[in-house]
Amino acid sequence: MSVLDEIQADAQPGYAPSVAVILQRLRQALGAAAFAGVSKSDFGLHTVRLIEASTHPSGVKLQLVSDISSLNWWCGLEPGEAFSAALAALARRTYYQEAQAIPYQLEAADPAALRSHAVFVGRLLDLRHSPTRGAFDYLRALACDPENQVVDVFHAGILSPDLQAYAQARLGSAFSKLSFVSIESDLNFLAKAVGRGPRTFHFWCEEPFFIHISLAALVGPTLMFTCGDAAPVQFSDVYWYCQEPAYIEGLWRRIGAPPAFAEAYRKLQSAPFPNPAPLRTRSRRDFGFRPEETVIVTVGNRLGVDMDQAFVDGMGALVLSDPDIRWVVVGWMQAFWIEAFESVLGSQFTHIPYDDDLIGLLGVCDIFANPFRAGGGTTAIMAIDAGAVVMSRGDLGDVGAFVPSHHLTQDVEAYFEALGALARDKALRAARLAEQKVLLARRLDQDNFARELRELVGLAFTRFAARIPTPLETIFAQPQPRRTALSAGGLPGRPR
């Protein structure tokens with residue numbers, strides 16, 4: 001079996017068709033022979049080097065870079081931090097090559113950019129999709145500010161009638177400030193984004209490898225939502241999230257982001273993460289759970305990748321130690337996992353491949369046990385809101401942004417010791433949940449988010465003004481040894 005066949009076999013259920021398309025594109029662009037004898041663990045870094053050495057135009061290279069990033073997400077390549085750093089560095093160099101063709105350079109920053117905004121919000125799906133709901137709260141924070149005159153929204157996906165109705169209800173009269181442009185159907189979207197005079201550019205849940213993120217940074221202040229499970233690939237004047245700066249600095253350094261990226265990060269107290277309401281009233285009886293059971297739930301789209309052996313072994317031991325503990329796993333997984341859990345844990349294990357009312361399901365569970373993974377933040381928010389206390393590690397991922405730090409553990413042994421205590425002690429669960437709800441209320445305070453976002457816009461403008469005019473290479477390129485603007489600690493003239 002070749003490494004490409006092995007990767008296809010390891011694809012998460014639901015992602016296999018997309019993985020097949022990507023692998024075929026790699027075969028065509030780089031040649032199947034280029035992967036002969038390559039192991040899965042070496043595949044990522046090997047492919048990055050092949051892409052860099054190829055003679056393909058920069059647009060093709062960027063597509064392949066995005067493809068490799070997707071494979072790592074969907075198939076669990078586990079290539080190590082050297083791969084992540086090399087992939088991001090290649091992307092930045094390729095963006096620079098693309099940007100060199102742009103002759104336009106600003107001579108000065110115009111304060112009018114503080115009142116006009118272009119917001120890239122990623123793919124709009126439906127109201128069960130947290131980034132989609134969050135996009136409208138982000139837009140609300142901008143459009144409801146009387147100082148802001150224009151808010152243009154650039155999106156993938158479809159602005160359905162349901163989404164339009166939700167946005168109108170959420171924004172009220174401020175909805176009239178919004179203008180929506182599909183980046184999939186309007187080939188002139190970038191000209192519209194940069195052609196309406198000075199403005200500030202916002203990136204919320206946008207595909208990190210899109211070239212327009214870098215191009216926008218040439219002509220206006222930029223703000224980029226990031227999160228606690230990855231380092232940003234592209235330059236922005238301001239990055240923001242709710243994670244502690246020390247955590248972000250360590251993560252981004254390990255994954256190879258330039259030091260100036262972490263210096264530009266700001267922790268916010270609030271963010272646009274609104275939860276959907278439950279679709280219906282649900283009870284434990286609906287799922288076959290006994291009233292006296294402690295129900296521990298684990299949720300994810302990629303659990304076959306996210307759950308390592310230490311997590312699986314620890315959960316199995318905990319469940320087997322007490323007949324009144326039930327472990328519920330929600331998400332599509334490879335069949336061998338389900339068969340193993342059912343065989344060992346029997347009736348104390350429940351698998352739910354998909355539930356269209358996740359917040360309703362979480363409301364009948366006691367504990368959300370996050371695997372040892374980078375993600376899980378959205379589910380943690382939903383769990384706390386629904387009434388399930390969250391257990392997670394603080395050295396991994398974005399859940400730490402929504403849970404008090406003293407609730408988090410730093411290693412496997414401490415995790416399962418704390419999880420066992422929560423499973424046995426109902427009063428402890430209630431006390432922990434109450435603390436988590438207090439923090440979550442602060443995170444979901446949309447009036448406070450609007451105030452914080454206004455401050456970030458001003459900070460982005462100040463930084464933009466300090467870097468204009470700036471050579472393109474300091475923004476886009478991974479510096480060569482003789483050019484140390486980014487590697488030595490920041491952009492020229494950046495306020496500290």
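Tutor: Start with α2. Its face turned away from the buried side carries the exposed residues Pro17 and Gln28. Exposed means over 50% relative accessible area, buried under 20%, and partly exposed in between, with a 1.4 Å probe and protein chains only. Helices are DSSP runs of H or I with at least four residues, strands are runs of E with at least two, and both are numbered from the N terminus.

Student: Is this an experiment or a prediction, and how are residues numbered?
Tutor: This is a predicted model, where local features need pLDDT of at least 70, side-chain atom pairs count only at pLDDT 80 or more, and totals for chains, interfaces and linings use all residues. Residues are numbered from 1 along each chain as its sequence is written, and side-chain values use heavy atoms, with hydrogens and water left out.

Student: Which residues in α2 are buried?
Tutor: Val19, Ile22, Leu23, Leu26 and Leu30. Down the axis of α2, the buried residues fall within an arc of 100°, so they line one face of the helix. The arc is taken from the directions from the helix axis to the C-beta atoms.

Student: Why would residues three or four places apart point the same way?
Tutor: An α-helix has 3.6 residues a turn, so they do.

Student: What covers the buried residues of α2?
Tutor: The cover includes α1 (3–9), α3 and α4.

Student: And what follows α2?
Tutor: Gly31, with a positive phi near 90°.

Student: Next, α3 and α4. At what angle do they pack?
Tutor: About 170°, with the axes of α3 (residues 40–53) and α4 (residues 58–75) 10 Å apart. That makes α3 roughly antiparallel to α4. Angles over 145 degrees count as roughly antiparallel, under 35 as roughly parallel, 65 to 115 as roughly perpendicular, and the rest as oblique. Axes are lines fitted to C-alpha atoms, for helices over the stretch in contact, and angles run from 0 to 180 degrees between N-to-C directions.

Student: Which residues in α3 meet α4?
Tutor: Lys40, Phe43, Thr47, Ile51 and Glu52. Contact means heavy atoms within 4.5 Å.

Student: New topic. Is Asp137 buried or exposed?
Tutor: Asp137 counts as buried, at 2% relative accessibility. Asp137 lies in helix α6 (residues 130–143).

Student: What is Asp137 in contact with?
Tutor: Arg170, Pro272, Pro274, Gln446 and Phe449, leaving aside neighbours within four places in sequence.

Student: Last one: where does Cys227 lie?
Tutor: In the loop between β5 (222–225) and β6 (238–241). Cys227 counts as buried, at 18% relative accessibility.
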